[in-house]
Structures are given as structure tokens and as C-alpha cells.
Amino acid sequence: MSTPPFSLVGIDHVVFIVDDMPKALAFYHDVLGCVPGYSYPAMGMEQVWAGAALIVLWDVTHPGAASAVPPVPGGRNVDHVCIATSPFDPADMRAHLSAHGVTIDREAQHGGARGVGHSFYIYDPFGNKLEVKGPAEYPDGR
């Protein structure tokens, strides 16, 4: 078996499924004191900062959230947890996951608490979706 080609940094973000965005934002802003983060109106998604991490609120009543709708009504309310890592080579990550029999569901460049970086979406043995995300990558190398 291979060893991970990265070191863990922490949780980057958690995505919660909601069905009332104003109510969700009121709770996270007013009750927990989260501050506004990134907004993705075409997806029905709002992000709020919880310290150095993000909580992503994804409104499944929004047409842009079709991929987040649980297969069973009330079946889940967390889409995925994002685990922040040190820099890694995507080829090394693919090889590592393959060596452990882990199928890559999706690979993409996505934004998170540390900026836009390379992400691998996988499932744990219990069906929980995880995003393993490297640090921000900048076109100018900085």
C-alpha cells in the first residue's frame, strides 16, 4: 500500500443542505456570528465564514442545486466534508487512491476557505462524500 502524498491541514469546509436560505443565513449570521463568504447565486449556494473555515449552505429548492437533492426526502442534510491538505501532485493522488481501491467520483478546481485549488471527490466506506482539497493554486505561481 502507498502512503498519502500529502499532510493534513484541517477541515476546509462543510456543505449543509438547506431548504430555506433566508432562515439558514439568519441562523448562521445572527446565532453563530458567521460572516458572509462567497456567493454562488446560480447554484443556490451561499458560504459563511466560521473562523478560518467555511460553512456552505446549499438550498435544494433552488433549480441550480439539482445535484445536491438527496435521493430520499430527508435522507441527508450534509452533502460533503472538505479536508484541506498540503500541496500534492494530482498524479500521485490518483495513484494513492487507486492503490487503496478508492474510486475518484470527480476531480476539479474548486474554491474553498484557502482559495481555488485541486480537489478530488471520493466516498468513504460508509457512503460519506469527501472532498480532498489542496491549497490555492494561482496562475502567476504566487
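User: I'm looking at the largest pocket. Which strands each supply at least two residues of its lining?

Analyst: Quite a list: β1 (8-18), β3 (45-50), β4 (53-59), β5 (78-85), β6 (106-110), β7 (117-123) and β8 (129-133). Keep in mind that this is a predicted model. β4 gives the most to the lining of the largest pocket, with three residues.

User: How much space lies in that pocket, and which residues should I click on to find its centre?

Analyst: The largest pocket holds about 380 Å³ of space. It is lined by 22 residues, and the closest to its centre are Met43, Met45, His80, His110 and Tyr121. Sorted by class, the lining has nine nonpolar, seven polar and six charged residues.

User: Where does the largest pocket lie relative to domain 1 and domain 2?

Analyst: To place a pocket, check who contributes to its lining. Here domain 1 (10-63) and domain 2 (78-141) both give residues, so the largest pocket lies between them.

User: What volume does the second largest pocket have?

Analyst: About 180 Å³. Eleven residues line the second largest pocket, and Ile17, Val18, Asp19, Val60 and Arg76 are the closest to its centre. Its lining divides into seven nonpolar, two polar and two charged residues.

User: Now salt bridges. How do I read those, and how many are there?

Analyst: The general idea is that side chains of opposite charge can pair when their charged atoms come close. With a cut-off of 4 Å between nitrogen and oxygen, the count here comes to three. One of them joins the side chains of Asp12 and Arg114, at 3.9 Å from N to O. That pair links distant parts of the chain: Asp12 sits in strand β1 and Arg114 in the loop between β6 and β7, 102 residues apart.

User: And which residues form a nonpolar patch on the surface?

Analyst: Look at Phe27, Val31 and Leu32, which together have about 290 Å² of accessible area. Leu32 is in the loop between α1 (21-31) and β2 (35-40).

Definitions and conventions: Residues are numbered from 1 along each chain as its sequence is written. This is a predicted model: local features need pLDDT of at least 70, side-chain atom pairs count only at pLDDT 80 or more; totals for chains, interfaces and linings use all residues. Side-chain values use heavy atoms; hydrogens and water are left out. Patches are made of residues with over 30% relative accessible area and no salt bridge: like charges are joined within 9 Å, nonpolar side chains (Val, Leu, Ile, Met, Phe, Trp, Tyr) within 5 Å. Accessible areas come from the Shrake-Rupley method with a 1.4 Å probe; for residues, only the protein chains shown count as cover. Helices (H or I, at least four residues) and strands (E, at least two) are DSSP runs, numbered from the N terminus. On a 1 Å grid over the protein atoms alone, a cavity is a set of points where a 1.4 Å probe fits but cannot get out, and a pocket is an open set with protein on both sides within 12 Å along at least five of seven lines; lining residues have an atom within 4 Å of a point. Grid points are joined across faces, edges and corners, and a volume is the space filled by probe spheres set on the points. Ala, Val, Leu, Ile, Met, Phe, Trp, Tyr, Cys and Pro count as nonpolar, Asp, Glu, Lys and Arg as charged, and the others, Gly among them, as polar. Domain bounds come from an automatic or database domain assignment.
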